[in-house]
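Here is a colleague's note to read beside the model. Keep the structure open and find each residue as you go.

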Amino acid sequence: MSDQPKTGEAYAGCAPLRLGQKAPEFTARSTQGVVRLSDFRGRWLILFSHPADFTPVCTSEFVAIAKAAKAFEALDCALMALSVDSLFSHLAWIRAIRDRFDVVIDFPIIEDPTLEIGRAYGMVGPDDADASSVRATYFLDPEGVMRATTCYPASVGRSIDEMLRMVAALQRVHGGDALAPEGWHPGSDLLRVPAQTVESVLAAKDASGWFYDPIPDGATR
Ligand code: BEZ
């Protein structure tokens with residue numbers, strides 16, 4: 001089977017930055033002034049790229065994120081967006097969004113005209129001439145380590161609910177004392193980290209109890 005893209009498709013770079021890797025430092029101009037990645041140490045951060053300002057799907061994402069600002073705040077999770085568009089373009093776009101949707105985008109939107117940040121993070125491949133192909137999302141822990149990433153095509157918007165769920169789940173399992181099962185939300189059962197010893201296997205109440213053991217959120221052992 002050919003691994004060439006179909007007509008009209010293009011290869012899109014995404015995320016050679018690996019889970020557990022320290023996210024590369026950068027300094028950039030943004031809609032909130034000059035920002036450095038290290039300014040966000042001590043907080044969870046979602047760094048996300050969007051293909052272009054003044055486009056329909058990106059606009060829908062930014063409106064939804066702005067409307068969810070309180071939910072991100074409740075998780076103490078900062079947000080930072082990025083595209084190749086200029087700072088003038090970002091500013092004009094957030095004005096258009098405010099006028100049309102009555103929401104203010106008050107997290108920084110970075111300009112990355114040379115693709116320097118996009119390349120460092122693998123949002124674009126080393127030979128790509130533009131960054132309009134992907135929606136990359138990086139979930140960084142308070143030490144600036146990448147804990148999760150997603151990569152969506154330009155044609156499909158991300159789910160803000162899933163971003164919030166991801167941050168909550170990453171925060172909950174961060175100490176390593178529990179695992180978050182499929183669809184986990186705060187308050188629902190977690191899963192015990194299997195001990196992987198003969199003793200724990202033989203002591204379990206049945207043949208699956210040693211590897212599948214739900215525990216209430218709040219309990220850690
Ligand atoms: C959009 O956000 O709607 C979009 C961006 C780039 C290419 C296609 C669609």
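Which residues are buried in α1? Point 2 gives the list.

1. **Ground rules.** This is a predicted model, in which local features need pLDDT of at least 70, side-chain atom pairs count only at pLDDT 80 or more, and totals for chains, interfaces and linings use all residues. Residues are numbered from 1 along each chain as its sequence is written, and side-chain values use heavy atoms, with hydrogens and water left out.

2. **Helix α1.** The buried residues of α1 are Cys58, Thr59, Glu61, Phe62, Val63, Ile65 and Ala66. Buried means under 20% relative accessible area, exposed means over 50%, and partly exposed lies in between (1.4 Å probe, protein chains only). Helix α1 covers residues 56-67. It has 12 residues and spans 17 Å from its first C-alpha to its last, close to the 16 Å expected at 1.5 Å a residue. The expected span is 1.5 Å times one less than the number of residues. Helices (H or I, at least four residues) and strands (E, at least two) are DSSP runs, numbered from the N terminus.

3. **The ligand shell.** Pro51, Thr55, Pro56, Val57, Cys58, Arg135 and Ala154 are the residues around the ligand. To be near it, a residue needs a heavy atom within 4 Å. Helix α1 gives the most to this shell, with 3 residues. By type, the shell has 5 nonpolar residues, 1 polar and 1 charged. Here Ala, Val, Leu, Ile, Met, Phe, Trp, Tyr, Cys and Pro count as nonpolar, Asp, Glu, Lys and Arg as charged, and the others, Gly among them, as polar.

4. Look at the oxygen atoms of the ligand. A backbone N or O atom of Cys58 lies 2.8 Å from one. A polar side-chain atom of Arg135 lies 2.9 Å from a ligand oxygen. For a backbone N or O atom of Pro56, the distance to a ligand oxygen is 3.2 Å. The protein covers 73% of the 260 Å² of accessible area that the ligand has on its own. Such areas come from the Shrake-Rupley method with a 1.4 Å probe; for residues, only the protein chains shown count as cover.

5. **Helix α3.** This helix runs over residues 87-101. Its 15 residues reach 21 Å from first C-alpha to last, close to the 21 Å expected. Leu87, Ser89, His90, Trp93, Ile94 and Ile97 are buried in α3. Seen down the axis, the buried residues of α3 fall within an arc of 155°, so they line one face of the helix. The arc is that of the directions from the helix axis to the C-beta atoms. An α-helix has 3.6 residues a turn, so residues three or four places apart point the same way.

6. **Ala96 and Phe54.** Ala96 sits in helix α3. Its relative accessible area is 34%, so Ala96 is partly exposed. Phe54 is in the loop between β3 (44-49) and α1. The two are 42 residues apart in sequence and 8.6 Å apart in space, C-alpha to C-alpha. Phe54 is partly exposed, at 47% relative accessibility.

7. **Positive phi.** Most residues other than glycine have a negative phi. Phe54 has a positive phi of about 55° although it is not a glycine. Asp76, also not a glycine, has a positive phi of about 50°. Asp76 is in the loop between α2 (69-74) and β4 (77-83).

Methods
A polar contact is a pair of N or O atoms within 3.5 Å; within protein, one must be able to donate a hydrogen and the other to accept it, and residues adjacent in sequence count only if both atoms are side-chain atoms.
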